[in-house]
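Subject: Structure handover

Hello,

Here is the structure you asked about. Please open it alongside this note. The findings follow below.

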Amino acid sequence: MAHARAAKATSGLSPSVLGEAWMDWAVHLAASPGKQMELMHEALRNMQAFWTDSLGITRPDTPDDRRFAGERWKVYPFNVLSQAHLRNWQWWQDAMTDVHGVASPHEDLLAFVASNVIDTVAPSNFILTNPDVIAATMAERGQNLVRGATNLAEDIARRVGAPHPAGPQPFEVGRNLATSPGKIVFRNALIELIQYAPETESVHPEPVLIVPAWIMKYYILDLSAENSFVRYLVSQGFTVYMISWKNPDAEDRDMGMDDYRQLGVMAAIDAIQAITKAPKLHAIGYCLGGTLLSIAAAAMGRDGDDRLASVTLLAAQVDFTEAGPLRLFISESEVTLIEDMMAEQGYLSSDQMAGAFALLRARDLIWAPAVRDYLLGKRGNAFDLMAWNADATRMPARMHSEYLRKLYLYNDLTEGRFRVGSKAIAVSDIRPPIFLVGTEDDHVAPWRSVYKLHLFADTDLVFVLTSGGHNAGIVSEPGHPRRHFRIAETPHGQTYRAPDEWLAQTSPQNGSWWVAFSDWLSKHSGPPVPPPPMGTSSGRYKALCDAPGTYVMMK
């Protein structure tokens, strides 16, 4: 209970982790006179540059930073302030890194903390030091600040549980989100299975199962009609099924990773085969859903279950040793604190999860919206991906604990310790060909971490590296402007290429990776046949209701 109270006070961040990192850094810095002299010299140079810029002796460089990109930031004194901030930020990065003897995880954590602390006092965050805010305030006679105060009050009220305004919202599930026609053909305690209606007279005989992440609602892959991954696959002649996860609450606290495998992936496979009578199917997993799919596919390979025609993993990791900035939040102390917090309420709330993700990109997800909403008095234009991002879900206590410990903390999956049933599984037991997608700007599943599947897979593997981030890189429909991707195949038995070597040897192509994926999926499918029925005529897999179903509506 004491740990749970502490976790709430610190938003789930363990103070002991930061204390340990700081002590490691402070002790080694105290014993590094050379580093101290370097920092003193850099501080003196920064001070000299500030005064020469201020007195007009030198001209500040144009900052390569979106916060200070406007023309008004090039005028004195705002150009001096922006440069001073950037020099101060860099000084703290230099102070926290390259200290002889400090553990690398501690360096990374302190550099991250220093970056966020310094960014809180950026001149762009304050009325009197942001020329864009000053100009707006003068032009509107302060009405921007009045609107900003109203926006702040609305956001605070929403955080403490005030209801959303009555009437239609810009984006709503079933109205202009998740609108691909289909039926709920199966429901259990954890999932609803959606079967999407065909759009072509004939379809490939192998159906496609999509396993989305349960950290967010499934419709990231069925957003608006023009950028729906589901609708695109259906239009290409595939029969598509999607898992829609239940939004768990306290009564689901004992749901574990294997429940998600059995009640999710395996139950869906059984249902699809009962409906379509197809001996094999294609499986696609996105983010955490891809990690879960890799576990299920490895267990199926171990047990001689050959029902998968192919496995596709979208921005999904199987090895977590280089899992990017999220590893800053994963340690024994941190996981223990989260477990204590979940033990009291039975789940990890969406707010607690969203806070950690926001910290990873605080400039874009915290400070930029704050300046726009509260100082300039503007609301950002709503769009489908933002609406989906705000529709977060909870994490059952047992499942989230197992996920953090077995995968992030101990890396059991690729080190041969992850057990399904009574025996361990190995990623090398996945036998069907694999289509793997990473995104260039992914801060959740960095592409080099995703690429590490090459070290463990023992089958044909196609790797795609696409432009964009963790979400926007996957939702990359044909016709989307300024999109490109790289693609190369590593046949079974071919020698390994390091990720940077692969990058240098693989030329980019303009356009959407969806087209290349559809072609690859078609090559691993049989000739077209008449579409299967929408569920069975009776029994367990009879259609229950129209898509998107009921689980996606759970708040």
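Helix axes here are lines fitted to C-alpha atoms, over the stretch in contact, and angles run from 0 to 180 degrees between N-to-C directions. Helices (H or I, at least four residues) and strands (E, at least two) are DSSP runs, numbered from the N terminus.

This is a predicted model: local features need pLDDT of at least 70, side-chain atom pairs count only at pLDDT 80 or more, and totals for chains, interfaces and linings use all residues. Residues are numbered from 1 along each chain as its sequence is written, and side-chain values use heavy atoms, with hydrogens and water left out.

**A helix pair**

H7 (143-159) packs against helix H13 (residues 362-375) at an angle of about 120°. Their axes are 6 Å apart. On the H7 side, the contact (heavy atoms within 4.5 Å) uses Asn144, Leu145, Gly148, Asn151, Leu152 and Asp155. H13 answers with Asp373, Tyr374 and Leu375. The residues of this contact divide into four nonpolar, three polar and two charged. In this count Ala, Val, Leu, Ile, Met, Phe, Trp, Tyr, Cys and Pro are nonpolar, Asp, Glu, Lys and Arg are charged, and the others, Gly among them, are polar.

**Backbone points to check**

Most residues other than glycine have a negative phi, and most peptide bonds are trans.

- Tyr76 to Pro77 is a cis peptide bond, with omega near 5°. Pro77 sits in the loop between helix H3 (33-54) and helix H4 (78-96).
- Ala547 to Pro548 is also cis, with omega near 10°. Pro548 lies in the segment after strand S15 (545-546).
- Arg141 has a positive phi, near 55°. Its place is the loop between helix H6 (131-140) and H7.
- Asn411 has a positive phi of about 55° too, although it is not a glycine. It is found in the loop between helix H15 (397-409) and strand S9 (419-420).

Are these last two residues buried or exposed? Buried means under 20% relative accessible area, exposed over 50%, and partly exposed in between (1.4 Å probe, protein chains only). Arg141 is exposed, at 78%. Asn411 is buried, at 4%.

**Nonpolar cores**

A nonpolar core is a set of buried Ala, Val, Leu, Ile, Met, Phe, Trp, Tyr and Cys residues joined through side-chain atoms within 4.5 Å. The largest one has 127 residues. Leu193, Leu209, Ile210, Phe229, Leu233 and Trp513 have the most contacts inside it. Helix H9 (residues 257-276) gives the largest share of this core, 10 residues. Another core lies apart from it, with 15 residues, among them Leu29, Trp91, Val99 and Leu109.

Look at Phe229. Not counting residues up to four places away in sequence, Phe229 touches Ile210, Leu221, Ile284, Leu314, Trp513, Trp514 and Phe517.

**The second largest pocket**

A pocket is found on a 1 Å grid over the protein atoms alone, as an open set of points where a 1.4 Å probe fits, with protein on both sides within 12 Å along at least five of seven lines; lining residues have an atom within 4 Å of a point. Grid points are joined across faces, edges and corners, and a volume is the space filled by probe spheres set on the points.

The second largest pocket holds about 430 Å³. It has 17 lining residues, and Pro105, His106, Arg327, Leu328 and Ile330 are the closest to its centre. Helix H2 (15-30), helix H5 (104-120) and helix H11 (332-345) each supply at least two lining residues. H5 gives the most, with five. The lining divides into eight nonpolar, five polar and four charged residues.

Trp388 lies in helix H14 (residues 384-389). Trp388 is buried, with a relative accessible area of 4%. Beyond its neighbours within four places in sequence, it contacts Met216, Lys217, Tyr219, Ile220, Leu223 and Asn471.

Asp441 is exposed, at 55%, whereas His443 is buried, at 18%. With sequence neighbours within four places set aside, Asp441 is in contact with Gly468 and Gly469. On that basis His443 touches Pro325, Leu360 and Arg361.

Best wishes
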